[in-house]
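The following exercises are to be worked through with the sequence and the three-dimensional structure at hand. Each task is followed by a solution in steps.

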Amino acid sequence: MTVGEKIQLYRKKIGMSQEELGQKLLVSRQTVSLWEMDKTLPTIDNLIRLKDIFSVSLDDLMSETEPMEESRTEPRESYVFQYEKADLWDVFKKTSFPLIKRTIQFTIVCLVLFILFTVASASEGIVDLLAAFFLVGILSHIRGYLAYRKLWRNSEGRLLQSTYSYEVFEGYFLLIISGNGEITRTQKVYFDDVEKVQVYGKYLVLQFSGQSFVIRKDALIPDSALTSLGKCAPDKVEEQKPKKQLKFISILLVVLSICTIWGASLGVAILSGRNHLMTENMWVFFLFLPIPIASIVFGFYLKKKGCKYKKNVIVGLVMAVILCIYGSFTFIFDNVYSHGDEPIIKAEQLLNIDIPAHSHINTQDWTKGAQSVPRGYIYSTSDIYFDDAAVEDFEKQLPSDTKWIAEIPNHMVGITSYFCDVQKSDYYIIYNKDTKEFNTLPGESGTYVFINVLYSIEDNTMKLVEYQIEYK
């Protein structure tokens with residue numbers, strides 16, 4: 001017999017397809033086919049690996065003599081498994097529990113963050129962002145669980161109709177799958193080929209050739225070779241499953257890295273609640289950078305140990321980039337606001353009103369750059385913040401001051417600025433700088449410069465808006 005004929009003979013003898021043999025040798029199915037048709041010959045390295053896979057000598061593989069019929073060796077252990085629906089459901093519950101566990105952990109983290117943001121009186125935008133993150137995340141987790149359940153159910157019918165036989169020999173076992181009285185698959189599996197061994201209660205799950213196979217532990221003899229596969233191939237198992245301490249640290253760093261965006265947002269919200277400088281406070285995001293950086297470093301440490309590492313590196317890198325982008329807002333937009341008292345002094349002199357002592361003021365010059373507001377041309381806006389004690393006397397005088405109105409008539413809404421929110425403010429001033437009139441429509445059409453003053457009792461805030469608008 002030729003070398004190609006012997007490769008085909010031995011391959012079929014152990015129930016292996018050309019594609020499966022190619023995967024073991026890291027060559028294509030077409031390459032194996034060319035060998036078996038004697039159009040090409042395997043390299044020396046591949047011949048050595050072939051004789052190990054077929055459990056024959058190199059002479060047997062290379063000689064032209066007919067292979068001698070091997071005497072049947074009795075297996076050391078033999079098992080036959082036919083599963084019931086209850087068995088499969090039990091295994092499904094145990095294997096899907098990590099998916100449910102991750103969903104619960106994600107929900108708890110989001111709930112804790114939501115409570116913290118609420119207590120800290122975070123802005124509606126941050127709370128909405130957290131709600132959107134939770135919604136997307138929970139839908140993703142549910143989708144993953146449903147996909148896994150669908151995959152399991154699709155396999156359930158085939159598993160229930162099949163019988164799985166295991167014949168264990170020295171260093172390997174034969175897996176024989178049969179259905180409807182016919183053998184559908186025979187595979188010789190060396191102990192070193194088992195990729196992963198997992199224990200779920202009374203079941204043992206072996207992973208090899210990209211598939212998982214379930215074995216009932218109570219059917220195995222004491223000290224069975226199948227239960228000791230993890231000891232027989234410790235390198236394989238160790239690569240797939242890092243030590244518990246490393247795994248815990250890995251998961252912790254991933255979770256903390258994801259949470260840095262919310263922790264930084266919470267820090268900005270708390271700081272902004274005190275000084276009302278949200279953009280200037282974005283530097284807080286840089287304080288959380290060490291966490292994703294630690295995840296990246298630990299990921300490469302896991303790689304060196306032969307453990308799974310990509311999740312730590314990818315999550316750490318993504319979160320580090322996001323933190324840097326948000327943190328840089330402080331420096332990119334550092335000239336957006338000014339905090340001098342000039343707008344207050346100007347408003348007091350021009351409008352002849354008294355403005356209480358303020359705790360902070362943010363003024364934005366809108367004349368720098370293009371504008372996209374739908375009504376009028378904005379010159380400047382100033383947000384002024386007061387303490388409760390400072391506005392106590394001021395608020396008492398508002399109802400009797402004729403310059404202030406508690407409601408803007410509908411016919412005057414057209415001359416207010418885009419920032420004049422008639423729903424949130426309690427008192428208003430509409431001043432025409434050209435006609436020097438308060439809360440009055442211009443006598444004729446034209447382009448006028450106005451000042452809007454808006455005061456909110458609940459928030460203790462005042463907004464000054466200087467703008468130009470065309471009146472027809």
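**Exercise 1.** Determine how the axes of helix H2 and helix H3 are placed relative to each other, and which residues form the contact.

*Solution.* Step 1. Helix H2 covers residues 18-25 and helix H3 covers residues 29-36; their axes come within 8 Å and cross at roughly 110 degrees. Helices (H or I, at least four residues) and strands (E, at least two) are DSSP runs, numbered from the N terminus. Axes are lines fitted to C-alpha atoms, for helices over the stretch in contact, and angles run from 0 to 180 degrees between N-to-C directions.

Step 1. H2 is therefore roughly perpendicular to H3, a term for angles of 65 to 115 degrees.

Step 2. On the H2 side the contact (heavy atoms within 4.5 Å) involves Gln 18, Glu 19, Leu 21, Gly 22 and Leu 25. H3 contributes Arg 29, Val 32, Ser 33, Trp 35 and Glu 36.

Step 3. By class, the residues of this contact comprise 4 nonpolar, 3 polar and 3 charged. Here Ala, Val, Leu, Ile, Met, Phe, Trp, Tyr, Cys and Pro count as nonpolar, Asp, Glu, Lys and Arg as charged, and the others, Gly among them, as polar.

The model is predicted: local features need pLDDT of at least 70, side-chain atom pairs count only at pLDDT 80 or more, and totals for chains, interfaces and linings use all residues. Residues are numbered from 1 along each chain as its sequence is written, and side-chain values use heavy atoms, with hydrogens and water left out.

**Exercise 2.** Describe the largest nonpolar core and name the elements that give two or more residues to this core.

*Solution.* Step 1. A nonpolar core is a set of buried Ala, Val, Leu, Ile, Met, Phe, Trp, Tyr and Cys residues joined through side-chain atoms within 4.5 Å; buried means under 20% relative accessible area (1.4 Å probe, protein chains only).

Step 1. The largest such core has 32 residues, and those touching the most other members are Tyr 164, Tyr 166, Phe 173, Leu 175, Leu 206, Ile 215 and Leu 226.

Step 2. Two or more residues each come from strands S1, S2, S3, S5, S6 and S7 and from helices H6 and H7. S6 gives the largest share, 5 residues.

Step 3. Tyr 164 touches, among others, Tyr 79, Phe 81, Arg 158, Leu 175 and Phe 213, not counting residues up to four places away in sequence.

Step 4. A second, separate core of 20 residues includes Ile 384, Tyr 427, Ile 451 and Met 462.

Key: Buried means under 20% relative accessible area, exposed over 50%, partly exposed in between (1.4 Å probe, protein chains only). Angles under 35 degrees count as roughly parallel, over 145 as roughly antiparallel, 65 to 115 as roughly perpendicular and the rest as oblique.
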